[in-house]
Structures are given as structure tokens and as C-alpha cells.
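Please consult the sequence and the structure below alongside the text.

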Amino acid sequence: MNTKESRFHFERYYIESPQRYGDIFLYQIGDRLCRGGVEIASHVQVCHEISCVVSGTGFMYAGGEAFRVRQGDLFLSPLGTVHRIRSSVHDPLRYSYCGFMLAPASSTGEYAGLMEFFAQPPQPLAPDRSGSVRQVFSLLLNELLVDSPSAGLLVKNGLELLFLLTRRCYERTGVRPKEPRQSGSFRQRMVYDVVNYIDNHILGIHRLTDISDQLGYSYSYVSQSFAAVMGSSLSNYYQQRRFEKAVELLSQANTVTQVSEALGFDSVQSFSRFFRKSCGAPPSRYMQSASPADPQPEKPK
């Protein structure tokens, strides 16, 4: 890939000599932040590939059909398919990817189900609702930088986990309805997914509908279920976690402007109003007065 197409690109490239981890052949794995408006030209897949969108928006193509992708989406490109990627002009696409094949001998072994799934996935696109696939990608990329006796085994186990969690995301997408009428335990599980998503993606959430859209439910269903299970509104929880993240970032010597931008506020002034409403003092005064001996600021109600 031309470096002019990327703002950031880390890759381990093994196309000519795939790295073997048991019955897994790793062809390439990496993390790429595209420049706005960049298009990765059409190419035929020489292996199966999993892509996980870390941030931004854009389009990924499969068989000539365009699929709009955004943070948290997974995209599968099986062996032999024509793949193409286009990054948004104003919200550049960043994604992690893994190209691989499974040994033919595994067709009757422990990977038999995985071989069939990746060769013919039910659809190209599915959401990583819990963020677990993204976390495994981070683990794998870190281990590939480590020179230790255990790195190989950790990469093998990480790849297996990546494949299993990816398949689970697609299975859930295929069976989960938009407005389920199910037991209280199902609703509790869905609310847990909401809490987990907010906790792990607070910097990427700018509207409450981002949460419901990502999890595949209507906003009204998510909001009503959250209030019923948690005894407090979804908005209150989101604002509380947003405030706590602001305090954490300020304590790490970030400027008010940097924290405002990280949390997606339109301006420093709007962030300052939010912060003052949450704890009774503007962020600049909080930074001056905060110390280990100070009482903790009151959480937003």
C-alpha cells in the first residue's frame, strides 16, 4: 500500500511465506488509519480476511456491493472475493485486519465449523457489540512486537479467540430481533451490553442513539429497558461516565481544550458548561484545586 494513503499503518506482512501457528496460516495482520477520502483499490483476496473498524466511517465492498461501516463494525472478505475500501473524507477510517487460512487437514478437526463459516459467511457485515474482537486485535498486535518464548503460543491462542468471537458476532446478528419480547434475563443481558459498550467506548459516543444503533435495537427499547433494569435513565449513566472520563483525562495533565475535543464537544465553552453542571466548578478551577486530599466532586444526577 502506498504510504500516502495512510496517516498511520502498522503491519506484519507474510503473504509470500505465511506464518504457521498450528493449523492456522497467518498471511497478514495490521492496523491502518486512512487519509480522508482515500480508496484502497479493488483486489482479489488470496486468503480470508477479518476487518474491525476502530474509528471513523467509510465503505467496504464485497462482490461489487457497498456496505457503510463505522466504529465497532466487522467485515469479512473470504478467499477469492473482490475487496475494496473507501474512507470518509471528513471522518477518516481506521481499521484492524487479519488475513489467514486454515490448514486443509482441519476440515474434519476442531476448526471444521470455522472453515465453513469463513468460506461462506452469512453476510459480510456485523457489529462487534461488546468490543471483544477489537480487544483481541490489540492483544495480537502487541504480542507480535514482543520477542519472548511465549509470544508464539499467545498469538496462536489469540487467533483462535479472534475467529471464535468473530463467528459469535455474526451468529448473534442473525438471530437477534430489533424489538425482542423475551425474559427479564434477556433484558438484563442487553442492558449489560449497553453498560459495557458505554464504559469501553465513551470517547466515541457523541449521541445516545449511537449506542442503540451500534447494538442493533431501537433507541426507545434500549432507553426503557435501561431505566427498568438500572433504576436510572440511560442519559444519566452516559453523562456520569462522560464526566468521570473528563476528570480522568484532566488528571493526566491534558488541557481543557484537549479533553473537550476528546469527548466530542462542539466547543470548550459547551464542555465547561457541562463540567460546571456536573460538579459545580469549571474545569480550570477543578484542575487548580484538585489534590488527593480534596473531596471527590459530586456526580451528576
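T57 has R70 in β7 as its bridge partner. The two strands concerned, β6 (residues 57-62) and β7 (residues 65-70), pair in the antiparallel sense over six bridges; strands count as paired if DSSP finds at least two bridges between them. Together β6 and β7 form a hairpin with two residues between them, and G63 in the turn has a positive phi of about 60 degrees.

## Basis of the description

The model is predicted: local features need pLDDT of at least 70 and side-chain atom pairs count only at pLDDT 80 or more, whereas totals for chains, interfaces and linings use all residues. Residues are numbered from 1 along each chain as its sequence is written, and side-chain values use heavy atoms, with hydrogens and water left out.

## Overall composition

The protein contains 10 helices and 11 strands. These elements are DSSP runs numbered from the N terminus, helices being H or I of at least four residues and strands E of at least two. Of the 301 residues, 46% count as buried; buried means under 20% relative accessible area, exposed over 50%, and partly exposed in between, for a 1.4 Å probe and protein chains only.

Among contacts between residues at least 6 apart in sequence, 70% join residues at least 24 apart, where a contact means heavy atoms within 4.5 Å.

## Surroundings of S51

S51 lies in strand β5 (residues 48-55) and counts as buried because its relative accessibility is 1%. Leaving aside neighbours within four places in sequence, S51 contacts M60, D73, L74, F75, H83, Y95, S96 and Y97. Two of these contact residues, Y95 and Y97, are themselves buried.

## Aromatic pairs and charges over rings

How many aromatic pairs are there in the model? The count comes to 12, taking rings of Phe, Tyr and Trp (its six-membered ring) as paired if their centres lie within 6.5 Å, with planes under 30 degrees apart counted as stacked, over 60 as edge-to-face and the rest as tilted. The rings of Y95 and Y97 form a tilted pair, because their centres are 5.8 Å apart and their planes stand at 50 degrees. The rings of F118 and F163 have centres 5.6 Å apart and planes at 70 degrees, so this pair is edge-to-face. F118 belongs to helix α1 (residues 112-119) and F163 to helix α3 (residues 151-175), so their pairing ties together parts 45 residues apart in sequence.

F118 is buried, with a relative accessible area of 3%, and F163 is buried at 0%. Ring pairs join F118 and F163 with F100, F117 and Y170 in a cluster. Charges also sit over rings, a term that requires NZ of Lys or CZ of Arg within 6 Å of the ring centre and within 35 degrees of the ring normal. The charged end of R84 sits over the ring of Y61, 3.8 Å from its centre, and R242 lies over the face of F265, at 4.0 Å from the ring centre.

## Nonpolar cores

A nonpolar core is a set of buried Ala, Val, Leu, Ile, Met, Phe, Trp, Tyr and Cys residues joined through side-chain atoms within 4.5 Å. The largest has 31 residues, and those with the most contacts inside it are L159, L162 and F163. At least two residues of this core come from each of β3 (24-34), β5, β8 (73-77), β10 (94-102), α1, α2 (132-143) and α3. Helix α3 gives the most, with seven residues.

Beyond its neighbours within four places in sequence, L162 is in contact with I50, C98, V133, V136, F137 and L140. A second, separate core of 19 residues includes F186, V194, L208 and F226.

H206 is found in the loop between α4 (184-201) and α5 (208-215), and is partly exposed, with a relative accessible area of 40%. Not counting residues up to four places away in sequence, H206 touches Y238, L263 and G264. H206 and G264 are 58 residues apart in sequence, while their C-alpha atoms are 6.2 Å apart in space.

Helix α5 is largely enclosed by the rest of the structure, because six of its eight residues are buried. These buried residues are L208, D210, I211, S212, Q214 and L215. G216 follows α5 and has a positive phi, near 85 degrees.
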